[in-house]
Amino acid sequence: MERDTHRRAISAMGSDLWTLMRPRQWMKNVFVLAPVFFAGKIGNWGSLWATVAATVAFCLMSSAVYVVNDFMDMDRDRAHPKKKHRPLASGRVSPGPAVVLAAALFVVAEWLGWVADTGAGVPTVLLIYGLMNLLYSTVLKHYAIVDVLIIAFGFVLRVVAGAFAAEVPPSPWLLLTTFLLASVLGLCKRRAELAALEDQAAVHRANLGVYTVDLLNQLISISTAATIMTYAMYTFSGPQGPRAMVTVPFVMYGLFRYLYLVNQKNEGENPDQIVVRDTPFVINGLLWVGSSFAVVYWPWL
């Protein structure tokens with residue numbers, strides 16, 4: 001009986017540590033694959049393997065960041081209707097094991113970065129990402145606008161890491177599109193948090209007291225329009241030529257559908273769930289992937 005109780009306790013601890021790593025958020029690291037995909041090097045096994053290794057490294061590094069962020073925010077998370085159930089905020093995981101987990105994830109991520117890149121590009125980008133997010137967790141997240149821009153820059157670093165791994169130069173238009181798209185996601189997340197917490201928003205996160213729904217709506221509109229324009233320029237100026245612009249309508253629909261879900265369904269707080277649960281969004285995403293693949297890998301069409 002005592003052995004079974006001990007085994008269940010270990011299993012519960014392992015499950016909570018896994019939850020603390022937020023594996024559902026790993027979907028964001030698909031941006032690491034963008035350079036190798038758009039460069040037409042999916043069939044190059046060396047480039048593909050290196051990019052996959054870089055992607056896994058970013059998954060582990062981002063998990064280390066999430067653990068540190070939850071550690072820093074556990075008191076404030078207890079005031080949030082959903083975040084209070086997180087392992088650290090709820091008390092299911094104590095700070096000691098969480099810190100050890102974060103350190104282990106950081107070390108393994110950096111090691112994988114060296115595996116993915118013959119040079120120092122990928123591990124350097126991973127280190128910058130980790131240090132930037134440490135600064136974010138301690139200082140920068142308390143400043144409105146800056147917090148969203150830091151999150152957006154994290155997505156740019158993912159693309160840069162993928163470019164180093166695949167040994168392809170990243171397009172400036174791709175980097176700018178990534179930055180603006182991530183800004184839209186970050187602003188929508190802040191809007192959803194503001195709507196969900198209402199009067200308690202500033203208690204959970206101080207900078208939410210600075211934001212208003214009207215301000216966020218304006219910033220989201222500007223960022224959305226800029227994202228569409230920069231993506232159109234990326235497709236027009238890329239190696240595939242103007243025919244790549246056939247993918248633009250799918251990007252427009254995806255952004256418009258996302259904004260609909262944010263404004264009408266209040267689902268912007270968890271973008272990782274939207275991209276896998278909303279059927280129209282998923283179908284549109286598959287059509288975008290299919291059309292992009294055709295443009296890049298079937299030039300005779």
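Helices here are DSSP runs of at least four residues, numbered from the N terminus, and the views below are taken from a predicted model.

View 1. Let's start with Arg190 and Glu193, whose side chains meet in a salt bridge with an N to O distance of 3.2 Å. Both residues sit in helix α8 (residues 172–197), three residues apart, or about one turn of the helix. Arg190 counts as buried at 1% relative accessibility, and Glu193 is buried too, at 0%.

**View 2. Arg22, Asp70 and Arg86 form a network of salt bridges.** Asp70 meets Arg22 at 2.4 Å, N to O. This pair links distant parts of the chain, 48 residues apart: Asp70 belongs to helix α3 (residues 45–77), while Arg22 is in the loop between α1 (2–20) and α2. Asp70 also forms a salt bridge with Arg86, where the closest N and O atoms are 3.1 Å apart. Arg86 lies in the loop between α3 and α4 (87–90), so its pairing with Asp70 in helix α3 ties together parts that are 16 residues apart in sequence. Have a look at the accessibility as well: Asp70 is buried at 3%, and Arg22 is buried at 16%.

**View 3. The second largest pocket holds about 300 Å³ of space.** Its lining has 21 residues, and Phe38, Ala39, Tyr234, Pro239 and Gln240 are the closest to the pocket centre. The elements giving two or more residues to this lining are α2 (34–38), α10 (213–237) and α13 (279–297); α10 gives the most, with four. By type, the lining residues divide into 14 nonpolar, seven polar and no charged.

Note on methods
Residues are numbered from 1 along each chain as its sequence is written. This is a predicted model: local features need pLDDT of at least 70, side-chain atom pairs count only at pLDDT 80 or more; totals for chains, interfaces and linings use all residues. Side-chain values use heavy atoms; hydrogens and water are left out. On a 1 Å grid over the protein atoms alone, a cavity is a set of points where a 1.4 Å probe fits but cannot get out, and a pocket is an open set with protein on both sides within 12 Å along at least five of seven lines; lining residues have an atom within 4 Å of a point. Grid points are joined across faces, edges and corners, and a volume is the space filled by probe spheres set on the points. Ala, Val, Leu, Ile, Met, Phe, Trp, Tyr, Cys and Pro count as nonpolar, Asp, Glu, Lys and Arg as charged, and the others, Gly among them, as polar. A salt bridge is a side-chain nitrogen of Lys or Arg within 4 Å of a carboxyl oxygen of Asp or Glu. Buried means under 20% relative accessible area, exposed over 50%, partly exposed in between (1.4 Å probe, protein chains only).
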